[in-house]
Amino acid sequence: MTPPSSPRSPVTSDAAPVPIPVPNPDNAGFWEGCARGELRLQRCGRCAAWRHHPRPMCPACGSREYEWGLASGRGVVHTFTIVHRPTLPAFDARVPYNVIAVALDEGVFMVSNLVDCPREAIRIGMPVEVVFEPLADGIALPKFRPRRGGGQ
Ligand code: ZN
């Protein structure tokens, strides 16, 4: 889902504001966790399966019961790309930048960016850990950096 931009979006170029996520009833727990520096993912109340992106029903068993479980914030780069032509003018000033798909230890995937790493050093299978980047009032984005302290 692409959230709409809003008048309170920070401006990073002269052209366009960066879109800011707008929490909704399905994903509010995720964004509240990010704002506190916690990666919270939905975990099924019946079968305990983790899921992401947030949605009302467990894809494994169909239950609508869930909790916002505290995830490890650890995973590996499943795949990545380097963006040279962004789809939104708001990101023109950032090119080239990376977009990664992280395979989290909980078994779900998350699309994000890798920070603190030159693009030439990004590798599939690289161990990563979550960090949070404040974006706006009450909104922080989960980003990932190379895992520190041995990589396991
Ligand atoms: Zn389930």
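**Entry 1**

I then followed strand 1, residues 40–44, into strand 3. Five bridges join the two, and they run antiparallel. I picked Arg43 and looked up its partner. Its bridge partner in strand 3 is Glu67.

**Entry 1: confidence**

The mean pLDDT of the chain is 91. I noted that 88% of the residues reach 70 or more. Where pLDDT is low, predicted coordinates should not be read in detail. I left that stretch alone.

**Entry 2: inventory**

I listed the elements. The chain has one helix and eight strands. From the N terminus the run is α-β-β-β-β-β-β-β-β. I also took two totals. Of the 152 residues, 18% are buried. Among contacts with a separation of 6 or more, 48% link residues 24 or more positions apart.

**Entry 3: helix 1**

Which residues of helix 1 are buried? Within residues 28–35, I found Phe30, Trp31, Gly33 and Cys34. I looked down the axis of helix 1. Its buried residues fall within an arc of 155°, so they line one face of the helix.

I asked what that set packs against. The buried residues of helix 1 pack against strand 1, strand 3, strand 7 (127–136) and strand 8 (139–146). Past the helix comes Gly37, with a positive phi near 80°.

I traced strand 4, residues 74–83, through its pairings. With strand 7 it pairs in the antiparallel sense over three bridges. I found Arg74 opposite Glu129 of strand 7. Val76 has Pro127 as its bridge partner in strand 7.

Strand 4 also pairs with strand 5, residues 97–104. That pairing is antiparallel too, over eight bridges. Here I noted Thr79, whose bridge partner in strand 5 is Ala101.

I went on from strand 7 to strand 8. They pair in the antiparallel sense over eight bridges. Glu129 turned up again, this time opposite Arg145 in strand 8. Strand 7 and strand 8 form a hairpin with two residues between them. Gly138 sits in the turn, with a positive phi of about 75°.

**Entry 4: the nonpolar core**

I looked up the largest nonpolar core, which has 13 residues. Which members touch the most others? They are Val77, Ile100, Val102, Leu114, Val128 and Phe144. Strand 5 and strand 7 are the elements that give two or more residues to this core. Strand 5 gives the most, with three residues. In soluble globular proteins, nonpolar side chains tend to be buried together.

I then took Ile100 on its own. Leaving out residues up to four places away in sequence, Ile100 touches Val77, Phe80, Ser112, Asn113, Leu114 and Phe144.

Most residues other than glycine have a negative phi, and most peptide bonds are trans.

Two cis bonds went into the notebook. One joins His52 and His53, with omega about 15°. His53 lies in the loop between strand 2 and strand 3. The other runs from Val95 to Pro96, with omega near -10°. Pro96 is in the loop between strand 4 and strand 5.

Ala48 has a phi near 70°. Ala48 is in the loop between strand 1 and strand 2. Asp116 has a phi near 60°. Asp116 is in the loop between strand 6 and strand 7.

Are these two buried or exposed? Ala48 is partly exposed, because 13 other C-beta atoms lie within 10 Å. Asp116 has 11 C-beta neighbours inside 10 Å, so it counts as exposed.

**Entry 5: Gly107**

My last stop was Gly107. It is in the loop between strand 5 and strand 6 (109–112). Gly107 has 11 C-beta neighbours inside 10 Å and therefore counts as exposed. I took its distance to Arg51. Gly107 and Arg51 are 56 residues apart in sequence, and 8.2 Å apart from C-alpha to C-alpha.

Note on methods. Residues are numbered from 1 along each chain as its sequence is written. Two strands pair if DSSP finds at least two bridges between them. Helices (H or I, at least four residues) and strands (E, at least two) are DSSP runs, numbered from the N terminus. pLDDT is the predictor's confidence in each residue, from 0 to 100. A residue is buried if 20 or more other C-beta atoms lie within 10 Å of its own, exposed if 12 or fewer, and partly exposed in between; C-beta atoms are placed from the backbone. The arc is that of the directions from the helix axis to the C-beta atoms. Two residues are in contact if their C-beta atoms, placed from the backbone, lie within 7 Å. A nonpolar core is a set of buried Ala, Val, Leu, Ile, Met, Phe, Trp, Tyr and Cys residues joined through C-beta atoms within 7 Å.
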